[in-house]
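Please walk through this structure with me, one region at a time. Have the sequence and the 3D view open together.

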Amino acid sequence: MKMNERKTIGLEEGWEIMQKGITKVKNILEGLPEPQFSLEEYMMLYTTCYNMCTQIPPSDCSIQLYRKYCQSFKEYITSTVLPSLIEKHDEVLLRELVRRWSNHKVMVRWLSGFFQYLDRFYTVSKDYPKLKEAGISCFHDLLYHKLEQKMTDAVISLIDQEREGKQIDRALLKNVLDIFVDIGVGQLLYEGNEMDYYENDFEASMLNDTAAYYSRKASKWILEYSCPDYMLKAEECLKREKDRVSHYLYSSSEPKLLEKVQTELLSVYATQLLEKEQSGCLALLREDRVDDLSRMYRLFSKIQSGLDLFSRMFEQHVAAEGTALVKQAEDAASTNKGFVRKVIELHDKYLAYVNDCFMNHTLFHKALKEAFQIFCNKGIAGSSSAELLATFCDDILKKSGSEKLSDEAIEDTLKKVVVLLDYISDKDLFAGFYRKKLARRLLVDKSANNEHERSILRMMKQQCGGLYTSKMEGMFKDLTLAKENQFHFEEYLNNNPNVSRGIDLAVTVLTSHLWPSYKSSDLNLPAEMVKCIEVFKDYYQTKTKGRKLTWIYSLGSCHVNGIFEAETHELIVLTNQAAALLLFNSADRLSYQEIKTLLNLSDDDVVRLLHSLSLLNTRNNNSKRVAISCIDPSLYNNNEVGQGIPLPHVDEKEKVIKDVGKERGESIELAIVRIMKSRKVLKHRELVQVCEEQLGSLFKPDVKAIKKRIEDLLSRRYLERDKEDPNLYRYLAD
């Protein structure tokens, strides 16, 4: 025999060597006295396997060794492991199972090392399971399938005991559940998902048991506990189940487990919980139970459609509180700022609920908006919400307002007003009232702070668009130009000393379409006034060509000195009041008809005028002597300068409503033309619907008004009806 030739090892001879190593491993696992493997022993076993597998066929023993490797596990499991488990139950079973599985993994690790060469060549070439997989498969086939149900039942029993407050060995459960996953890993070659055994053999049963457990609990708790107490129990249960996952269940179980708990504790009883008469959602809102409402949101946000009923009840409650404010104001005939202030406070309160308790959820923002829309569009004692809101702003922004607020408080209040504006359907009506009051503040110089005036316009512009505030912004620009114009007028007079205006005159020239419409009159001015006005007209013609000035005397005021007995009083009166007073500089007595004729005024204007001047009535003959001190374009009642004499109040509400109504008609017509120009052909119903959608951001258009405008456009040949279908319109204007 040559020196490099290797002795052939027969199967029986080689297996006897391998068997000794396997037996030693078993003895060690069973706790029998055995010394640990030395390196020489380990290398002898590895080399024996290597030599037997690398012998020239037919002496190659690879297939026989692979089979005997598997057979070793089968014999050990059948003869030793299975008998030690088969009669055990509950926690005892689980402890023994964990020990046996741990031993099995040790045995697989050692034997896989002894037979390692099989994995390097034989299992790869034959596409057989690797040694580790084959070892785990033996445990799966011979033991796991027989005990899987007992394992699952024992684990679930311990979980239920823990739910009832009993202390259990969580580490034990973790080790048992690892077996399900380890078995799955070992079966990847066949199954493809390492969590299959955990999910199918354990988790499914555990989830069913969880549902049954909490179903029993919920049916009892719903009768025993108030809504807040029930929610505390539910929240605690969910917390404990999450804790359970973190200690021994796999994280993939968490959403499924919590879903079962939420379904049984919350979904099934959602309506009953929310509607509990003494402790449900409405009761919590009435009693301002913020913590309980926050908990209600946290819990109900976890279940499908859980927030739908909750948000509807929130809307119902807010709407009821707002409607109560309306009734309160009606009963007290209160249409002043008090109502708006209360509405703002109500909004602050429930917006805080939405942001803090309900985590800024869109459903609750929507509910809050819809609730406020319900009562914010109710009238109070003949006044619309649009008018009340505009009046409130006027009180905040004018110098003589009843609320004395800091700049920061004013800004904050204005922001809240603009939020309320979003809830009002007649935004154009608010704009009408607001513009009227803004004009008065600007022209009378009653605005407390121009920056606040501009600030609210910016906010309205951002919310309603540039077109909404364009006229109001134009009013500010107009006043800037008017001041420049007055400066140039003074320059003109200084540069032309031969031009005498007689008395001091300041004129505010405004662009008519930017400002509210004011009633003009053909008042006959005294000669002193006529002279200075003619001077201004001459100046104005040098600066502009073709522009016509319309004088609004009702917006002008005069400072006059009235001599009463031995005293002289400076009076601030309107232009027509000054004109009337000056009549008595040349006459002791004038009849009503004479005054009317001399001033060229209507009966209504004369009555109001004389009523206001009756305050000056005195027995002293010197009372008729009144001399003009100056004419000022700012309105009357500036008490810092002198004593103002106001005219009796004229209700301008109807005029604003009428003007807005006219603008609405024009807006409807423009919308119809714009829609038809784009669509060309459209059915009547669709045209009305699109028109309502386009105009809805400013006001809710009346269907009759839309129909009337359609008829007008048909008669003017902007549109035509289809000959076969009278409900179909065609655009013609192009």
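Start with helix α5, residues 116-126, where Y117, L118, D119, Y122 and T123 are buried. Buried means under 20% relative accessible area, exposed means over 50%, and partly exposed lies in between, with a 1.4 Å probe and protein chains only. Helices (H or I, at least four residues) and strands (E, at least two) are DSSP runs, numbered from the N terminus. The cover over the buried residues of α5 includes α2 (39-53), α3 (62-86) and α6. Just after α5, D127 takes a positive phi of about 60 degrees.

A word on the source. This is a predicted model, in which local features need pLDDT of at least 70 and side-chain atom pairs count only at pLDDT 80 or more, while totals for chains, interfaces and linings use all residues. Residues are numbered from 1 along each chain as its sequence is written, and side-chain values use heavy atoms, with hydrogens and water left out.

Now look at the loop between α2 and α3, where P58 lies. A cis peptide bond joins P57 and P58, with omega at about 10 degrees. Most peptide bonds are trans, and most residues other than glycine have a negative phi. N360 is not a glycine, yet its phi is positive, about 65 degrees. N360 sits in the loop between α16 (337-357) and α17 (362-376). N360 is partly exposed, with a relative accessible area of 44%. N600 also has a positive phi, near 60 degrees, and is a residue other than glycine. Find N600 in the loop between α25 (592-599) and α26 (603-613). N600 is partly exposed too, at 39% relative accessible area.

Next come two helix pairs. The axes of α1 (residues 11-30) and α4 (residues 90-114) come within 10 Å and cross at roughly 155 degrees. That makes α1 roughly antiparallel to α4. Axes are lines fitted to C-alpha atoms, for helices over the stretch in contact, and angles run from 0 to 180 degrees between N-to-C directions. Angles over 145 degrees count as roughly antiparallel, under 35 as roughly parallel, 65 to 115 as roughly perpendicular, and the rest as oblique. In α1, the residues that meet α4 include M18, I22, V25 and L29. Their partners in α4 include V106, M107, W110 and L111. Contact means heavy atoms within 4.5 Å. The residues of this contact of α1 with α4 divide into 9 nonpolar, 2 polar and 4 charged. Here Ala, Val, Leu, Ile, Met, Phe, Trp, Tyr, Cys and Pro count as nonpolar, Asp, Glu, Lys and Arg as charged, and the others, Gly among them, as polar.

The second pair is α14 (residues 290-300) and α15 (residues 306-331), which pack at about 150 degrees with axes 9 Å apart. So α14 is roughly antiparallel to α15. L293, M296, Y297 and F300 in α14 meet G306, L307 and F310 in α15. These residues divide into 6 nonpolar, 1 polar and no charged.

Finish with two single residues. R163 has its place in α6 (residues 131-163). R163 is buried, at 9% relative accessible area. A polar contact of 3.1 Å joins the side chains of R163 and D160. A polar contact is a pair of N or O atoms within 3.5 Å; within protein, one must be able to donate a hydrogen and the other to accept it, and residues adjacent in sequence count only if both atoms are side-chain atoms. E570 has its place in strand β2 (residues 567-574). A polar contact of 2.9 Å joins the side chains of E570 and H559.
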